[in-house]
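Thanks for making time this morning. I would like to take you through one chain, beginning with the whole and then turning to a few local features.

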Amino acid sequence: IAYQVPPYEQTMLHSYQALNYLFLGQLEGALVEVRKANLVQENALKQYQQEIANQAVQFDKKALNQAYPSMSGTIGNIKNGFQNAYTFYLSGLLYEAASQPNDAYIDYKRALEIYPNNRYLQQDVLRLATQLKMEDDLAIFSAKFGQYQPINTPNGGELVIILENGAINPKQEVSANLPIFTGSGNPRFFSFALPVYQGSLAQNPTLNINIAGTNYVSQQIVRLQSLASKHLQQQMPSIVTRQALRLVAKEKLRSAMSKEGGEIGNVVALLYNLASEQADTRSWLTLPDEVQILRLSLPAGKQLVELKLTGKTESVEVDIRANRISLLTLTTIGSYQGHKLTQL
């Protein structure tokens, strides 16, 4: 069965490709990838409210809601399963590095619409609204987030930290008995094997950094576990519909084999149906559970950054360059921690 790649996985794929280009010093290649990531989100948004096409069978959605776990513990408060504020933020960051502030402003605003409580996003939008003289926008955002307070660092640069935290959970399989309405209009109960994300969202640590005696804390910009769970919830009617079509077809096969082969044919068909009915639990398992960001304006020159995460402390020397962005990417999975530094 072909694997239908969810939009959130597609956007992350392009985001990783963008970072790969950055590490190779190829900003243009990175910009191509973030444009692809944004296009995935735009296309998913267009399809979001489309109704399921007419199918040969129908199922009781109320019965589905009663039999299937809600996944509210892993979804949280997000609205849909495809809008990824992190990819918009990365896009804005790269546009800034390419001296395209108008494009950066657009994508920072998109990210802020998804994650309005992230204060680093708030400051980026306020800063560019001020720089680009977007007076109407500036009035709206200032009323929401307060007046922009520029940090006076003559000939300074920017340090942006992206933290990938934890690992996304695998899907599990659950069984549900649902009534299916066949061509005659009479309901028949079938056993469905369905994928599900179980449990609740993990409590991931935040990154604390210390620079010259001043402490700063990272903030979440995407919860990929929530995107994965919400996407699965949104896809469940289509998944059940496809499974119902297969089950009805297999039931017709069982009936035909029973007529032709008697009890032996019936048993063979039943065994085949049981063995072939499995939930599709495939997903991209090496994605992080969440991504956090932190952004600072610092004086140019060598800066010693003390990183504190999950009880570990590590010092990293960063060369802040005037009017440039230094990007520090961190990854933590279990006891593993790694980082990579590049200049934009």
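Of the 344 residues in the chain, 45% are buried, where buried means under 20% relative accessible area, exposed means over 50%, and partly exposed is what lies in between, with a 1.4 Å probe and protein chains only. Please keep in mind that this is a predicted model, in which local features need pLDDT of at least 70 and side-chain atom pairs count only at pLDDT 80 or more, while totals for chains, interfaces and linings use all residues. Residues are numbered from 1 along each chain as its sequence is written, and side-chain values use heavy atoms, with hydrogens and water left out.

The accessible surface of the chain comes to about 17700 Å², and 50% of that belongs to carbon and sulfur atoms; such areas come from the Shrake-Rupley method with a 1.4 Å probe, and for residues only the protein chains shown count as cover. The chain has nine helices and 12 strands, which are DSSP runs numbered from the N terminus, with helices being H or I of at least four residues and strands being E of at least two. If we take contacts between residues at least 6 apart in sequence, 73% of them join residues at least 24 apart, a contact being heavy atoms within 4.5 Å.

Let me turn to strand 11, residues 325-333, where seven of the nine residues are buried. Strand 2, residues 157-165, runs parallel to strand 11 and is joined to it by eight bridges, and two strands are said to pair if DSSP finds at least two bridges between them. Within that pairing, L159 stands opposite S326 of strand 11. Strand 11 also pairs with strand 12, residues 336-343, in the antiparallel sense and over eight bridges, with L327 having T342 of strand 12 as its bridge partner. The hairpin of strand 11 and strand 12 has two residues between the strands, and there G334 takes a positive phi near 65 degrees.

Which residues other than glycine have a positive phi? One of them is N323, with phi near 60 degrees, placed in the loop between strand 10 (312-320) and strand 11 and exposed, with a relative accessible area of 66%. Another is S99, whose phi is also near 60 degrees; S99 lies in the loop between helix 5 and helix 6 (101-114), and is exposed at a relative accessible area of 62%.

Next, the second largest pocket, which has a volume of about 850 Å³. A pocket here is an open set of points on a 1 Å grid over the protein atoms alone, with protein on both sides within 12 Å along at least five of seven lines, and lining residues have an atom within 4 Å of a point; the volume is the space filled by probe spheres set on the points. The lining has 29 residues, and R127, Y148, E158, R295 and S297 lie nearest the centre of the pocket. Helix 5 (85-97), helix 7 (119-131), strand 2 and strand 8 (290-298) each give two or more residues to this lining, and helix 7 gives the most, with seven.

Finally, staying with helix 7, is A129 of that helix buried or exposed? A129 counts as buried, at 0% relative accessibility. Leaving aside neighbours within four places in sequence, A129 is in contact with Y105, M134 and L138, and its C-alpha atom is separated by 7.4 Å from that of Y105, 24 residues apart along the chain.

Notes: On a 1 Å grid over the protein atoms alone, a cavity is a set of points where a 1.4 Å probe fits but cannot get out, and a pocket is an open set with protein on both sides within 12 Å along at least five of seven lines; lining residues have an atom within 4 Å of a point.
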